[in-house]
Amino acid sequence: MLLPVEEFVSRLVEPHGGLWAVEDRIVVGDCLTALRHMPDSSVDLIHTSPPYNIDKAYKGDHGDKQGLERYLDFLRQVIREMKRVLKPNASLFWQTGYTQTENAVAGDILPIDMLSYPFFKEEPPLILWDRIIWRYFGGMAFKRKYTNRHETILWFVKPVDGAATPAFDVDTIRERSRELDKRNNFWGRNPGNVWEVDRVAYGTTEQSSHIAVYPEEVAEKIIRASSKPGDLVVDPFSGSGTTCKVARSLGRRWIGIEISPEYAKESVMRIGFQQPGEVQSLASAILREKVFGGRPGSLPLEEISRRLTPWARATPVDRCRHLFQDALSTVFPNGREAKPRVWQRFDQLIDSGNTHDPVVEADTLLLASYRNRRNQNGVYRYRTGLETLEALVMRVAQSGADTLKGFIEELVAAEPSSYRLQGTNVALLRVDRRLKPPAHASQLEVPWLQAPMEIAAGSADIAHDTPSAPSDEAYQPSLFTSGGQG
Ligand SMILES: C[S@@+](CC[C@H](N)C(=O)[O-])C[C@H]1O[C@@H](n2cnc3c(N)ncnc32)[C@H](O)[C@@H]1O
């Protein structure tokens with residue numbers, strides 16, 4: 001997944017090269033060099049956060065304390081290149097906080113979005129489509145002013161003939177309305193442009209040794225709403241790989257650029273914990289939780305596929321789809337009065353952790369496979385869960401033994417930080433804390449697993465020995481993220 005910037009450039013320019021030859025990679029090197037070699041109008045979405053020039057102790061010490069003029073000139077050049085590589089109507093999300101001058105009076109802050117805004121407006125200008133506030137909790141307490149608890153995200157769009165029509169699929173990010181008010185949109189509300197999302201700090205589940213990680217939930221909202229599967233998402237300052245990890249798990253193509261080899265290497269490990277695409281993520285969660293029982297170990301490929309088939313047969317997707325549709329059809333003919341009742345019913349589904357309803361099962365597993373599913377609340381979340389589950393059940397149920405083994409092999413290869421194929425055995429190397437399901441999920445009854453199964457001789461059970469693998473130490477935080485980001 002790692003690609004030195006020189007190799008990136010030569011793959012782009014060689015006769016049969018092009019973007020296809022450098023996608024799904026973390027490029028190690030200067031983003032300005034990398035961006036300058038990328039073709040015009042080739043990128044569907046950029047979500048990035050530049051260094052803030054506040055002397056942060058980034059690994060590799062790539063000069064986070066230049067003079068203000070030099071820093072702004074650097075940002076200006078990067079912005080010019082980002083504008084050039086964006087496709088018409090594509091979006092750019094510029095996430096920033098504050099910088100300071102070398103001789104600043106203590107406490108005199110300079111907002112990076114204000115300083116850099118004019119560069120976005122230089123010819124050819126982008127349109128500032130929205131200004132999002134990411135509001136977080138915690139952070140280092142200030143003594144003589146209000147503790148900083150926000151960052152801004154400027155959403156720019158590359159116009160066509162002076163007008164912009166950016167992609168915005170709000171249905172994919174609707175959140176649960178606060179009240180069961182019958183006037184509310186049943187599918188959930190537009191999340192608005194103030195996002196309350198916890199910071200990634202010590203003890204949380206997305207931490208890495210990077211000191212300025214933004215939360216996956218922020219990246220997920222942006223990528224879901226402003227791109228579609230198959231689109232190319234780029235982060236020129238990819239750090240711990242948040243944008244790339246989320247893009248991959250949502251089935252987008254992606255390129256990250258990071259100057260620090262240490263961060264680049266670590267981000268590859270982080271991205272390697274996530275299957276590309278939702279069906280694969282769910283399949284991986286089922287493998288981890290249902291087939292391996294949530295513990296590292298090793299199982300014959302044959303045995304895994306033997307266990308998946310009864311799981312697919314025992315998952316009553318049809319019955320569940322009807323239940324789901326019944327609930328919705330009560331709402332629409334009866335209109336407003338029915339909405340609160342149906343909402344309550346969905347709420348009961350969410351809260352009753354031990355139901356056998358496959359929608360809940362899919363939802364729990366989706367949460368396990370990708371923790372930020374929680375930002376899609378309400379009915380939409382169940383619909384996505386059900387559709388994803390259905391696609392997987394069909395895939396498993398309709399596959400012959402060899403096709404199923406091939407599918408498992410693909411899954412394993414695509415999540416190298418979690419699995420390894422060792423001859424005809426699959427080893428689950430570790431269960432990333434970040435991917436653990438909520439407590440109640442482990443109490444879910446799994447009828448197909450409890451049913452007596454015919455097990456091939458020699459493959460009777462999971463060998464719970466942890467195979468040799470990179471140790472979990474690699475994922476321990478070495479630094480405490482104390483401020484916002486940058
Ligand atoms: C604010 S952090 C980005 C954090 C990232 N959003 C995440 O979630 O992990 C900025 C990153 O830009 C990197 N960086 C600084 N100068 C760079 C350059 N010229 N080219 C590429 N990356 C650079 C830093 O090493 C740092 O990891």
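This is a predicted model: local features need pLDDT of at least 70, side-chain atom pairs count only at pLDDT 80 or more; totals for chains, interfaces and linings use all residues.
The chain contains 15 helices and 14 strands, and buried residues account for 40% of its 486 residues. When contacts between residues at least 6 apart in sequence are considered, 73% of them join residues at least 24 apart. Glutamate 262 belongs to helix 7, which covers residues 261–271, and glutamate 262 is classed as partly exposed because 14 C-beta neighbours lie inside 10 Å, a count between the limit of 12 for exposed residues and that of 20 for buried ones.

The largest nonpolar core comprises 60 residues, of which Val27, Val43, Ile46, Met82, Leu92, Phe156 and Ile223 touch the most other members. Helix 3, formed by residues 68–85, makes the largest contribution to this core, with 6 residues. Valine 43, when residues up to four places away in sequence are left aside, touches Val85, Leu86, Lys87, Ala90, Leu232 and Val234.

The crossing of helix 3 with helix 4 is right-handed. On the side of helix 3, the residues involved are Leu72, Leu75, Arg76 and Ile79, and these meet Leu115, Ser116, Phe119 and Phe120 of helix 4. Sorted by class, this contact consists of 6 nonpolar residues, 1 polar residue and 1 charged residue.

Helix 9 provides a further view of the interior. Its 13 residues, 301–313, should span 18 Å at 1.5 Å a residue, and this expectation agrees with the 19 Å that separates its end C-alpha atoms. The buried residues of helix 9 are Leu301, Glu303, Ile304, Ser305, Leu308 and Ala312. Among the elements that cover these buried residues are helix 8 (278–291), helix 13 (379–398) and helix 14 (401–414), together with strand 12 (297–300) and strand 14 (425–428).

Several local backbone features were also examined. Most residues other than glycine have a negative phi, and most peptide bonds are trans. Against this background, the peptide bond that joins glutamate 123 and proline 124 is cis, with omega at about -10°, and proline 124 is placed in the loop between helix 4 and strand 7 (127–135). Serine 41, although it is not a glycine, has a positive phi of about 45°, and it is found in the loop that lies between helix 2 (31–36) and strand 3 (43–48). With 11 C-beta neighbours inside 10 Å, serine 41 counts as exposed, since the limit for that class is 12 or fewer. A positive phi, near 50°, also occurs at aspartate 161, again a residue other than glycine, and aspartate 161 is located in the loop between strand 8 (150–157) and strand 9 (194–196). Aspartate 161 likewise counts as exposed, because it has 6 C-beta neighbours inside 10 Å.

Definitions and conventions:
Residues are numbered from 1 along each chain as its sequence is written. Helices (H or I, at least four residues) and strands (E, at least two) are DSSP runs, numbered from the N terminus. Two residues are in contact if their C-beta atoms, placed from the backbone, lie within 7 Å. The expected span of a helix is 1.5 Å times one less than its number of residues. A nonpolar core is a set of buried Ala, Val, Leu, Ile, Met, Phe, Trp, Tyr and Cys residues joined through C-beta atoms within 7 Å. A crossing is left-handed if the near helix is turned anticlockwise from the far one by less than a right angle, and right-handed if clockwise. Ala, Val, Leu, Ile, Met, Phe, Trp, Tyr, Cys and Pro count as nonpolar, Asp, Glu, Lys and Arg as charged, and the others, Gly among them, as polar.
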